[in-house]
Amino acid sequence: MRSLPTRVTLVEVGPRDGLQNEARPVDAAHKIELVQRLQAAGCREIEVTSFVSPKWVPQMADNAQVMAGIVRQPGVRYAVLTPNLQGLEAALASRPDEVVVFGAASEAFSRRNINCGVAESIERFRPVVAAAHAAGLKVRGAISCALGCPYQGEVTPDEVEHVVRLMKDIGVDHCGIADTIGVGTPRRVQAVMARALRHYPPVEVSGHFHDTYGQALANILACLEMGLHTFDASIAGLGGCPYAKGATGNVATEDVVFMLHGMGIATGIDLDALVDAGAYISGVLGRAPASRAGRALLARRGGAAAA
Ligand code: HMG
Ligand code: MG
């Protein structure tokens, strides 16, 4: 068996992918405190917010306020979503380290999510990439619905590779393969990742797995077997996508860290502090963390305190 990576980079997307989907508004102060706790726990890549239309996603309307409020820590990279030039221009004032353009492997999802088809989305991203590079920023690309689409159904690896190639052509630095609705299973995920790896080196390919069908950890393991070592994850399993009904959160960061540390793979993250961050934001939202590892570790602490 091929040896697995010894270190994994986790991109914490909870403040963005998680909180964009909350029906009840979350105060900017809570978002800022969440980022503080995540970086204190050792998260080094944090997707903080998105510069999208506040009419489409009102949850992220406080983007500039949140970016202004976070206390930046050296060594931590702060990313934001920028779907078009208007978003990028607003984002630049907030000094992100990285921006994310987000397209889709499915035409139908592209239209619902960003109000244009795949080809047009690439034309919108082109000047975003150029302007971000001119400002010295790295650009990540996310490709939604790479394993299935809530509107179109089946999505083929050919369709995914087509968008990977388009993103590469306009200079996107990193390729994020997203299973928006969590239907991917390990061998299918490997087949799609193999297509991304035709165009990007392993260090610039990542997995973004929503855990709707409970497949995310298995899919991450399948990616590790291919030498991939960058994954998005969401604290307390927060989130979903407002344009993919029924999609649950991204795989919980606590669960991924528990698995990786159990396998002797380093993340640089302190699991106990991470569990505290998950408990904090879940408390703000008035529910228990969706992370299984988070709940188990909190229960164990409760048991130890009672004994
Ligand atoms: P549009 O309507 O096509 O844009 O929206 P437009 O250029 O025609 O402008 C229309 C109006 O929107 C104008 O305002 C613009 O100023 C405004 P009006 O004159 O009507 O008052 N506008 C903006 N306002 C603020 N920031 C902007 C911006 N752009 C235009 N950047 C747009 C196109 C992309 C903006 C819209 O469709 C949108 O905001 N969509 C939201 C998409 C979104 O945030 N989805 C969730 C994140 S993606 C995700 O979760 C998937 C991911 O996690 C991976 C996965 O799991 O699959 C990444
Ligand atoms: Mg997502």
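This report describes a metal site, a ligand site and several individual residues in a predicted model.

In this predicted model, local features need pLDDT of at least 70 and side-chain atom pairs count only at pLDDT 80 or more, whereas totals for chains, interfaces and linings use all residues. Residues are numbered from 1 along each chain as its sequence is written, chains are lettered from A and ligands numbered from 1 in the order in which they are written, and side-chain values use heavy atoms, with hydrogens and water left out.

**The magnesium site**

The magnesium ion (ligand 2) is coordinated by Asp-17 through OD and by His-208 and His-210 through NE2, at 2.2 to 2.3 Å; donors here are N, O and S atoms within 2.8 Å of the metal (3.2 Å for Na, K and Ca), and since water is not among the atoms, sites may look incomplete. Along the sequence these donor residues follow the spacing D-x190-H-x1-H.

**The site of ligand 1**

Of the 26 residues around ligand 1, those that come nearest are Gln-20, Ser-53, Asn-84, Ser-144 and Thr-180, where a residue is near if one of its heavy atoms lies within 4 Å of the molecule. The table gives polar pairs between side chains and this ligand; a polar contact is a pair of N or O atoms within 3.5 Å, and within protein one must be able to donate a hydrogen and the other to accept it, while residues adjacent in sequence count only if both atoms are side-chain atoms.

| Side chain | Atom of ligand 1 | Distance |
|---|---|---|
| Asn-84 | nitrogen | 2.8 Å |
| Asn-115 | oxygen | 2.9 Å |
| Ser-144 | oxygen | 2.6 Å |

The protein covers 75% of the 1100 Å² of accessible area that ligand 1 has on its own, by the Shrake-Rupley method with a 1.4 Å probe; for residues, only the protein chains shown count as cover.

Asn-115 lies in the loop between α5 (107–114) and α6, and has a positive phi of about 65° although it is not a glycine. Cys-145, in the loop between β5 (138–144) and α7 (157–169), likewise is not a glycine and has a positive phi of about 60°; at 0% relative accessibility, Cys-145 is buried.

**Two helix residues**

Ser-121 lies in helix α6 (residues 118–134) and counts as buried because its relative accessibility is 2%. A polar atom of the Ser-121 side chain lies 2.6 Å from the backbone oxygen of Val-118.

Gln-190, in helix α8 (residues 186–196), is buried with a relative accessible area of 15%. Its side chain makes polar contacts with the side chains of Arg-187 (2.8 Å) and Glu-225 (3.4 Å). Leaving aside neighbours within four places in sequence, Gln-190 is in contact (heavy atoms within 4.5 Å) with Ala-222, Glu-225 and Met-226.

**Cysteines**

The structure holds zero disulfides, a disulfide being a pair of cysteine sulfur atoms within 2.5 Å. The sulfur of Cys-175 is too far for a bond because the closest cysteine sulfur, in Cys-223, is 11 Å away. Cys-175 is buried at 2% relative accessible area, and Cys-223 is buried at 0%.

Terms used:
Helices (H or I, at least four residues) and strands (E, at least two) are DSSP runs, numbered from the N terminus. Buried means under 20% relative accessible area, exposed over 50%, partly exposed in between (1.4 Å probe, protein chains only).
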